[in-house]
Amino acid sequence: MDLNQDGINDILSGSYSRTDGKMAGLFQILWGTSEGGFQQAKVLNGSDGKPLIIPSDDRKYLTETICTRPTAVDWDADGDLDLVVGNFSGSFYLFKGEGNGKFDPQPKLIKSDDNKPLKIQGAHSDPVVIDWDGDGDLDLLSGSSQGGVQWAENQGSKGQKRPTFKGFEPLIVFDTVARRGTFLSEDDLTGPTSDTRIWVDDVNGDGKLDILVGDSVALSSPAKGLSEKEARARMAEWQKEVDELMIVLRDRKASAKDRQDASKRYNDLYRQKSKYVRQEMTGFVWLYVQK
């Protein structure tokens with residue numbers, strides 16, 4: 001990606017850190033060099049010289065400021081690259097490009113054609129802007145905290161510069177097998193699970209766009225020394241006690257001591273879970289080849 005249009009590829013990434021005591025999303029840029037390498041990563045500033053960031057003075061909207069991925073694209077067809085960015089809340093913002101790698105520091109919330117914020121189902125919007133349906137205009141695809149892939153078709157009329165959208169629809173659905181049963185192995189999976197991040201490209205060179213989907217999943221198996229039958233039986237007992245404790249913790253009429261004891265026992269039980277189940281947090285990359 002040639003962000004400053006100097007003929008040299010650069011690398012742009014979203015990140016998050018604390019700014020003024022608040023969690024905030026910043027953009028990191030590695031400017032390319034003529035030798036084919038990259039300069040050290042630095043925070044991408046707006047045209048005012050300050051870090052490019054989605055501002056918020058309201059705690060209710062802080063998740064909008066924590067960005068997940070920026071995508072550089074000529075959103076308004078004026079010849080300059082703009083930034084379409086996602087965030088933890090699942091909405092999208094536009095930083096208008098001013099040319100040569102400069103951007104307006106004041107972002108605009110991207111809205112659907114009913115003037116409401118354009119949002120995915122779930123959180124962690126992950127924008128990829130591309131002409132997915134091959135009709136000559138820009139569509140918007142995204143991963144999600146809920147898993148799968150969603151897309152918003154550009155509803156704009158021919159000759160209209162800025163995309164317009166009704167909303168998102170499922171394109172690739174969440175692999176529900178990940179929610180079934182006590183144990184889950186790699187062989188059980190048939191597709192991407194949760195926290196998906198995507199990329200769109202013609203992977204096999206057949207002239208059609210394909211989708212790469214990365215996900216996050218917790219694989220689980222019986223703890224060492226236990227058969228699956230034994231582990232399931234112990235987990236059933238464990239779950240029964242957890243459910244009973246949750247009744248107490250949710251009971252507003254329960255005494256402070258009963259709630260304190262239930263909380264202590266609840267924490268003890270969670271530490272004991274590893275005696276019955278071994279969990280491994282991992283993720284996979286799935287390739288969907290368009291027919």
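The model is predicted, and the values given here were computed from it. In the sheet, four strands are arranged in the order 10-11-12-13 with antiparallel pairing, while helix 2 and helix 3 pack at an angle of about 150 degrees.

**The open sheet**

- The sheet formed by the four strands is open, its order is 10-11-12-13, and the pairing is antiparallel.
- Strand 10 (128-130) and strand 13 (169-172) are the edge strands, and because each has a single partner strand, one side of each is left without a neighbour in the sheet.
- From one strand to the next, the twist averages 30 degrees.
- Strand 12, which spans residues 149-152, pairs with strand 13 in the antiparallel sense over three bridges, and Val149 stands opposite Ile172 of strand 13.

- The side chain of Gln150 reaches the backbone nitrogen of Gln121 at a distance of 2.9 Å.
- Once neighbours within four places in sequence are left aside, the residues in contact with Gln150 include Ile120 and Gln121, Leu140 and Leu141, Ser142 and Ser144, and also Phe168, Glu169, Pro170 and Leu171.

- The side chain of Thr71 reaches the backbone oxygen of Pro127 at 2.5 Å.
- Not counting residues up to four places away in sequence, Thr71 touches Asp82, Leu83 and Val84 as well as Pro127, Val128 and Val129.

**Helix 2 against helix 3**

- Helix 2 (residues 228-250) and helix 3 (residues 256-272) pack with their axes 9 Å apart and at an angle of about 150 degrees.
- Angles over 145 degrees count as roughly antiparallel, and helix 2 and helix 3 are therefore roughly antiparallel to each other; their crossing is left-handed.
- On the helix 2 side, the residues that meet helix 3 are Trp238, Glu241, Val242, Leu245, Met246, Val248, Leu249 and Arg250.
- On the helix 3 side, the residues they meet are Asp258, Arg259, Ala262, Ser263, Arg265, Tyr266, Leu269 and Tyr270.

Key: Residues numbered from 1 in each chain as written. Predicted model: local features only at pLDDT ≥ 70, side-chain atom pairs only at ≥ 80, totals over all residues. Heavy atoms only, no water. Pairing = 2+ DSSP bridges. Helix = DSSP H or I, 4+ residues; strand = E, 2+ residues; numbered from the N terminus. Axes fitted to C-alpha atoms, helices over the stretch in contact; angles between N-to-C directions. Polar contact = N/O pair within 3.5 Å; in protein donor to acceptor, adjacent residues only side chain to side chain. Contact = heavy atoms within 4.5 Å. Parallel < 35°, antiparallel > 145°, perpendicular 65-115°, else oblique. Left-handed = near helix turned anticlockwise from the far one by under 90°.
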